[in-house]
Amino acid sequence: MRLTGYAAIAAALALLTLHPFAQSRPLVAPAAAATYQRLLPQIERIKVFDHHAHPAFPDDPDVDAAPPPPGKAPLRFRDDNPEPIAAARALFGFPFADLKGAHAKWLIDKKAALKKEKPGPQYFNYILDRVGIETSAANRVAMADYLDPARFKWVFFVDSFMFPFDNSALASRNGDEAVYMPLQTKMLQRYEQQLGVTGLPRGFDEYLAFISRSLEDNKKRGGIAAKFEASYFRSLAFDDPPRQAAASLYEKYRAGGVPTMDEYKTFQDVIFRHIITEAGRLHLPVHIHSSSGGGEYFSVRGVNVLNLENVLHDPRYLQTTFVLIHGGYPFDREAGLLAAMKNVYLDSSAVELLLYPTEFKDMLRRWLEMYPEKITFGTDAFPFGDALGVEEVYWLGVHSSRTALAAALAEMIAAHEITEAGALQFAHMYLHDTAAGLYK
Ligand SMILES: [Zn+2]
């Protein structure tokens with residue numbers, strides 16, 4: 001339906017007064033502006049593979065094994081930021097400029113009505129269709145019956161295997177860990193129940209076998225990848241202690257007692273290496289949270305991807321595929337170079353939400369100029385709250401990434417680095433093909 005000229009201008013003006021800056025956009029070099037306009041609609045038609053997300057209704061406790069405790073939100077994540085609100089307008093026709101009181105209730109009611117209209121897995125399939133996502137990873141403690149396994153692929157958490165002992169010393173380090181560590185204990189108990197095991201196995205060899213069987217069982221239940229959130233609990237510097245050291249510690253602490261920090265690290269380092277070896281055998285890519293993270297005490301030094309260099313460059317793990325989730329940000333240049341290894345991939349999820357599109361465009365361009373066949377798209381969609389949910393974050397992540405990608409490619413074309421045909425090929429690889437190829 002076409003509006004007449006005046007009506008269209010009036011409608012546009014009304015929207016502008018209501019939301020003067022609905023969505024931020026990348027600043028494109030003037031020489032690339034026309035190419036950007038031409039590329040964007042073509043990029044918008046590409047169906048997306050979302051390599052990292054946490055799809056869930058807001059009341060679903062299985063959404064994450066380490067839900068972030070409240071910390072200071074960066075500008076783009078704050079409650080009064082207009083961008084998620086504009087996402088709600090795009091998806092649900094949300095007519096207000098803020099989420100206060102009755103306005104939030106309007107959005108909650110709207111989603112509830114839609115959920116009734118589209119029962120079971122239909123609701124989130126509909127959301128994916130609206131946003132342009134073909135397949136989404138589902139980082140969750142367990143899968144939900146309201147997620148269609150044909151569209152949502154389970155990525156399961158494996159950190160808890162590194163924390164089988166009394167975690168009280170770890171939990172007392174700070175307020176974040178006080179939230180995280182009991183959840184790790186719970187997660188491990190859940191894996192025990194899943195295999196019908198009561199308590200920790202007697203010997204260290206049996207414990208390693210229990211881990212392997214859990215990975216196998218999760219794969220049978222539809223799991224496509226194993227996820228480490230380790231940087232929320234410890235540094236990503238994994239040493240290579242002798243297996244016997246971990247076996248002795250298992251004997252010492254299996255039935256009780258609190259290990260020292262050094263002892264526990266030795267044990268974790270051995271378990272980490274067992275898991276990545278087994279994941280290679282089982283063709284389960286290993287996802288590693290590799291960017292700064294939520295909470296108040298997150299260690300940016302500890303998450304530096306260069307901590308992982310000894311592991312990623314170790315020929316013993318060539319059979320294992322590694323995906324650096326969130327692309328190592330703010331060490332995204334270092335991560336970009338680590339992707340030279342044939343079994344190392346990058347995922348850009350969350351970075352397109354944390355950064356505004358101009359800065360994200362520059363990061364994408366640097367990656368595209370190095371190993372364009374190794375970079376993959378993701379949103380890190382997560383239920384923010386009762387009103388703003390996974391739906392809006394999916395929309396915002398896809399929208400931000402498409403505009404930044406079109407801008408990065410347009411600038412590369414303007415700089416005579418690539419052709420327009422080559423640019424579209426890169427776009428397909430980044431948004432869909434490279435990640436989809438890992439799970440064939
Ligand atoms: Zn995540």
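**View 1. Burial and overall size of the chain.** Of the 440 residues in this predicted model, 45% count as buried (20 or more other C-beta atoms within 10 Å of a residue's own, with C-beta atoms placed from the backbone; 12 or fewer is exposed, anything in between partly exposed). A compact globule of 440 residues would have a radius of gyration near 22 Å, and the chain agrees with its 23 Å (taken over C-alpha atoms; the rule is 2.2 Å times the number of residues to the power 0.38). Along the principal axes, the C-alpha atoms fill a box of roughly 80 × 50 × 35 Å.

**View 2. The stretch at residues 1-18.** Here pLDDT (the predictor's confidence in each residue, from 0 to 100) stays under 50, and the model has 3 contacts beyond four places in sequence for these residues (contact: C-beta atoms, placed from the backbone, within 7 Å). For the chain, mean pLDDT is 93, with 94% of residues at 70 or more.

**View 3. Around Leu284.** Leu284 sits in the loop between helix H10 (261-281) and strand S5 (286-289) (DSSP runs numbered from the N terminus: helices are H or I, at least four residues; strands are E, at least two). Leu284 is buried because it has 25 C-beta neighbours inside 10 Å. Leaving out residues up to four places away in sequence, its contacts include Leu215, Lys219 and Gly223. Ile224 is 60 residues away along the chain, yet its C-alpha atom is 6.0 Å from that of Leu284.

**Notes.** Residues are numbered from 1 along each chain as its sequence is written. In this predicted model, local features need pLDDT of at least 70 and side-chain atom pairs count only at 80 or more, while totals for chains, interfaces and linings use all residues.

How values were computed: Two residues are in contact if their C-beta atoms, placed from the backbone, lie within 7 Å.
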